[in-house]
Amino acid sequence: KDAMIPTARFLDKNNLHFDGAIEEAVNARSFITSIAPNMLCNFTIINGKFALRAAVPIDESGEWNIVAPIAGMFTESNIVEDSFELSYLTFEERQPMRVELTYRRGAVNQMPEQRTVLMAYKYQPNGTDLMPPDVPIERFDVSKYVTRRGHAGTIARYLLSIRRHVDHTIKFATDPDEMRGIQPGDYIKVASSMNPYFPRAFGVVQSDGKIQSAYDIKDGDYK
């Protein structure tokens, strides 16, 4: 209950509401898991109970928080030896995209109609080069329960942000005592001596000498 209160305030303040009908019996866990990301939330289980927590940093009042509160710090001193795993997403999962999102719009005494919103980054990650016009479009349909253009736009921006900024996952084991006070959905910080490559500057040299990469790589020397 305590974890749900800030989330409820966040959803209400940002007008992120489920406006649809559940027509038949569904598995609650699977249903909430599939819907939660489109409400900018994560489905979690805390002390054996289902809960929803905002997928972005917020404070107790439900307002956006620019700085994520860190609930725990993990280094080589409290990570079990040889348990740390770092996995990068595939090239396809990191490829830039444009998001086309379909939502439902209705008016009094009128049949509802489907509308779409198309969003994309204007610039590449370097902040200066324009995004190529041939960036592929990925389509998402939330018309069963999203009826506001603002809600649809928020989802689209969230999906674009994930695609641009999330490029790897980590997994490790630690002592149970180190997890005191940390709940599912909390933010943690991990400092490792591992020196990973930077996937945004990673590419594959093809037989014709061209480099296949998620983003344009300018001429120059790279190490």
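**A helix across a sheet**

Author: Let's begin with helix α4 (residues 149–165), which lies across β5, β6 and β7 and runs at about 160° to β5. Helices (H or I, at least four residues) and strands (E, at least two) are DSSP runs, numbered from the N terminus. Contact means heavy atoms within 4.5 Å. Axes are lines fitted to C-alpha atoms, for helices over the stretch in contact, and angles run from 0 to 180 degrees between N-to-C directions. Before we go on, please note that this is a predicted model, in which local features need pLDDT of at least 70 and side-chain atom pairs count only at pLDDT 80 or more, while totals for chains, interfaces and linings use all residues. Residues are numbered from 1 along each chain as its sequence is written, and side-chain values use heavy atoms, with hydrogens and water left out.

Reader: In what order do the strands of the open sheet of three strands come?

Author: Here is the general idea: strands of a sheet pair through backbone hydrogen bonds, either parallel or antiparallel. Two strands count as paired if DSSP finds at least two bridges between them. In this open sheet the order is β6-β5-β7, with mixed pairing. At the edges stand β6 (113–119) and β7, each with a single partner strand, so one side of each has no neighbour in the sheet. On average, neighbouring strands of this sheet are turned by 25° against each other, direction ignored.

Reader: How many bridges join β5 to β6?

Author: Seven bridges join them, and the two strands run antiparallel.

Reader: Which residue forms a salt bridge with Glu 100?

Author: Side chains of opposite charge can pair when their charged atoms come close. The cut-off for a salt bridge is a side-chain nitrogen of Lys or Arg within 4 Å of a carboxyl oxygen of Asp or Glu. Glu 100 forms one with Arg 139, and their closest N and O atoms are 3.1 Å apart. Glu 100 lies in strand β5 (residues 98–105) and Arg 139 in strand β7 (residues 137–141), so this pair ties together parts that are 39 residues apart in sequence.

Reader: Is Arg 139 buried or exposed?

Author: Arg 139 is exposed, with a relative accessible area of 57%. Buried means under 20% relative accessible area, exposed over 50%, and partly exposed in between (1.4 Å probe, protein chains only).

Reader: How many salt bridges does the structure hold?

Author: There are six. Another is the one between Arg 115 and Glu 113, at 2.9 Å from N to O. Arg 115 is partly exposed at 38% relative accessibility, and Glu 113 is partly exposed at 41%. Arg 180 and Asp 177 also meet in a salt bridge, at 3.3 Å. Here Arg 180 is exposed, at 67%, while Asp 177 is partly exposed, at 47%.

Reader: And how much of the whole chain is buried?

Author: Of its 223 residues, 28% count as buried. The chain has four helices and 11 strands. Among contacts between residues at least 6 apart in sequence, 68% join residues at least 24 apart.
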